[in-house]
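Hi,

Here is the model we talked about handing over. Have a look at it first, and then read on below.

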Amino acid sequence: MSGIDGWNWDAGERRVVELGVLSSFEQVHEFAVSPDGEKLAVPVVEEPGQVRVWQNGELWSEAVERAWSLRFLPDGRLVALVRVDDSWTVAVDGQRWEDEFEFAWNLKFSANGRSLAVQVKRGMKYGLVIDGRDWGAEFISMRDFALSPDGKRAAALVQVEQLAEADIFKFAEGVWSVAVDGQPWERRFINVYSPVFSPDGQHVAAEVRLDMFEYSIAEDGRPWDAVFGTSWAPCYRSNGKGIIAPVRTPEGWALVENGKPVWQGRYSQMWHQRLAPDGQRLAAVVSTAYGRWTVAVDDRPWPRTFSDVVLAPRFSPDGGRVVALARDQGSWLVVVNGQPWPGRFDMAWEPEFSPDGRHLAAKVERDGKFQVVIDGHPLPRSFDMLWSPRFSPQGDKLLVRAVEEGVYKRLVLGLEQLARA
Amino acid sequence: MADIEDARVEDAGIDQAVDKLEPARIEAVIRRVLGAGCGARLKVYLQTCVHCGLCADACHTYLSRDRDPDFAPVAKVKETIWEMVKRQGRVSPEFIKKCARIAYTECGACRRCSMYCPFGIDIAYLIMLVRRICALLGVVPVYLQDTVNSHAATSNQMWVQPDDWIDTLIWQEEDAADELEGVRIPLDREGADIMYSVIAPEPKILAQLIANMAVIMKVAGVDWTMPSLDGWDNSNMAMYSGDFEVMGRVERLHWERALQLKVKRVVMGECGHAYRGAVYDGPKWLGWSKPPIPMVHAVEFYYELLREGRIKIARKIKEPVTVQDPCNIVRGRGLHHKLRYIINELCEDFRDVSPRFEHNYCCAAGGGVINCGPPWKLSRLKSNRVKAEQLAATDAHLVVTPCHNCHSGIEDIIGYYGLGMHVTFINELLVKCMDRGDGSGEVER
């Protein structure tokens, strides 16, 4: 599959594949749809212990014992975790990696989809494999990992020394670290959380627990001088010079950069800080008072607050708008620059801006049916299944990938036409 | 006079930490907690208590220990937080050791005493303050601290490795499918109605409970999922050790995972403290006045399935059955009528306990007490003779315990006092009794 420019953006509706034929299988698992909407795939059970991946009516040639975590990569390849003869590996477009593992899980991929990484277990030790290349390093435990922006490097949360049962003293000395490309930081910590690469992929920052009640942020194993009551996941500025994290201070939650306050406000809670594309403006989810949630942009909370939860904010490509999903009094809202769109939903998915930032579309659910909402206006048609809509490179068309009456369909809608309707 | 055997218990988590304590550090920590940490609430409680002692008869440790006044809730407060306040934090390491013993092993924060206090003083809150101070000083029973360490490192309470978690779900799915065709445990199914979360002892030692739930979900036609990654464990012993930072981190990940999966609500297995952590203490510390999406305890869920006819009962348990009302879902949530509705649907011969409902005695295992581990087991069992007597009076053979701490605690009490009973989760009865639509559901006991 070529890049988004090469997708078929001719307006119209196409029946890609009938799903009725799937009823011949014993079980049909979770569907995946390609980013360009041309393909739909799903693991199907032919009989117990015999699973294949079905894609647009074709079956992968090889049957496996299990297949899960099926997904299309951004470059259109179809990947799954598969088990054959009690060993696990990764299958890409039906081809299994040569290496097999006692277990493989937690697939991650780079933004362009070209790099693929997975956690593995072998000989009761834990490691990581990127694009079939084994780290080689083996750890006592590995909880999670982050990929560099280009997907070539990985940083994992690893246990580097064995703990005897209930050895709380050794634990307090620190047996956890961050391993980058298999090499653990020299310094160990009581705990490490939320690793993240710098934009150039050369540095790694993570939350670190220095003492049982002291937390900080470390870059490449060196903690900030400042310590805090606790912290949440850090992020890098786009120039890679600043590391920004929410931290808990005696006055409340603060946003700090390289250990020093970047916002003056103190909040009941703060997390999910996000940078605008210009790398300057900042938005974060904040609680302005107990049980009241909103988004603060450059330290100014939206006046409207919400009762249940607010999800991570997202800047428009031009940085002029910020959108976040909020749950309020039991239903979901799409909130743009502090103003909710009309309508409340049973569920809402992360909205997508058009490349020029002028339009915004989201998948929503109401009464068991799914709809696309564009710029606050729901399309009149609802579907049985729906995947998040995608804008064309010019932002004048919208790709809708949906299942309706047992048929997977690909729709390309012109926004001007929609506006006239 | 405190039980001399309890006073002699050796616990490295307490003893070694106390040996290293400096009075100045103790004073600083106590002043910090009593200052910024609690303020008006503590002051009101301390000034309101008239030392009437009516809380004493509410406490299972007091009743079980021949009404020894040292085990009365008021005494536990007087011997710990009152002294800290009175002496403005100038207390000795030995004093902190005593505080740790009282706060972690002689009170389960069950809150029964608050109902008997004429002023409704939340005595468990005062005990939790003591635990917070002990935790900040590093004085925590070794097994409880190890559980908290597991939460901090793995987000689950039993050091379950990430692959073991997924593998167990797959294995349980295969076992369940042998029992009922077509059963699945869908992993990471985005947009499912329900995320089902459990506590770590289920994959570690009671995996059959997960298979049972898969069968129940299949029969009831529920659109559900379980997460493959950390955040699947809803338990939280950090809440009870006084490490609220770890508590908050664990709870946040659990709720973030549910939000990522786009589920409409979370159903949790049969656990009481996990309900408290996920619904009350965790969200409160994080700034949520309630969970970000609804949390449904298994008792509420089974009740819903039975009331709506999504599960039908094919045959009832014949042998006499009684119940343990878990503090955190009965006194804390009022699920006692729903619990009895379920039991009466499943059992022909239900024999209720007395006292019952919100007045029921704690199992003496909750509140982190059972997590204090083997060193304190005898103390815990001695502290709940009253529970053994209560259960024995029912002449039941089976005790329904819809909470993991209750389940383990009652099992220990049954063994120690020779009651000749068995404990069971509702989940285990339900899969035996329900109509599976395939002619099964037959049971003879």
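First, the housekeeping. This is a predicted model, so local features need pLDDT of at least 70 and side-chain atom pairs count only at pLDDT 80 or more, while totals for chains, interfaces and linings use all residues. Residues are numbered from 1 along each chain as its sequence is written, and chains are lettered from A and ligands numbered from 1 in the order in which they are written.

On confidence, the predictor gives the complex an ipTM of 0.98 and a pTM of 0.97. Chain B has a mean pLDDT of 96, with 98% of its residues at 70 or more; pLDDT is the predictor's confidence in each residue, from 0 to 100.

**Chain A**

Chain A has 2 helices and 43 strands. Both kinds of element are DSSP runs numbered from the N terminus, helices being H or I with at least four residues and strands E with at least two. The C-alpha atoms fill a box of roughly 60 × 55 × 35 Å along the principal axes. For 421 residues, a compact globule would have a radius of gyration near 22 Å, and the 23 Å of chain A agrees with that. (The radius is taken over C-alpha atoms, and the globule rule is 2.2 Å times the number of residues to the power 0.38.) Of the 421 residues, 45% count as buried. Buried here is 20 or more other C-beta atoms within 10 Å of a residue's own, exposed is 12 or fewer, and partly exposed is in between, with C-beta atoms placed from the backbone.

**Chain B**

Chain B has 23 helices and 7 strands. Its C-alpha trace spans about 70 × 45 × 35 Å along the principal axes, and 58% of its 445 residues are buried. Of the contacts in chain B with a separation of 6 or more, 81% are between residues 24 or more positions apart; for chain A, taking contacts at least 6 apart in sequence, the figure for at least 24 apart is 36%. A contact means that two C-beta atoms, placed from the backbone, lie within 7 Å.

**Where they meet**

In the complex, 34 residues of chain A are in contact with 38 residues of chain B. On the chain A side, β7 (66–72), β11 (103–109), β15 (141–147) and α1 (168–173) each supply at least two residues.

**The sheet in chain B**

Chain B has an open sheet of 4 strands in the order β2-β1-β3-β4, with parallel pairing. (Strands pair if DSSP finds at least two bridges between them.) β2 (224–225) and β4 (295–297) stand at the edges with a single partner strand each, so one side of each has no neighbour in the sheet. Strand β3 (residues 265–268) pairs with β4(B) over 3 bridges, and B:V266 stands opposite B:M295 in β4(B).

**One proline**

B:P93 lies in helix α7 (residues 93–105) of chain B. B:P93 is partly exposed, with 17 other C-beta atoms within 10 Å. Leaving out residues up to four places away in sequence, B:P93 touches B:V18, B:L21 and B:I26. B:I26 is 67 residues from B:P93 in sequence, but their C-alpha atoms are 7.7 Å apart in space.

Cheers
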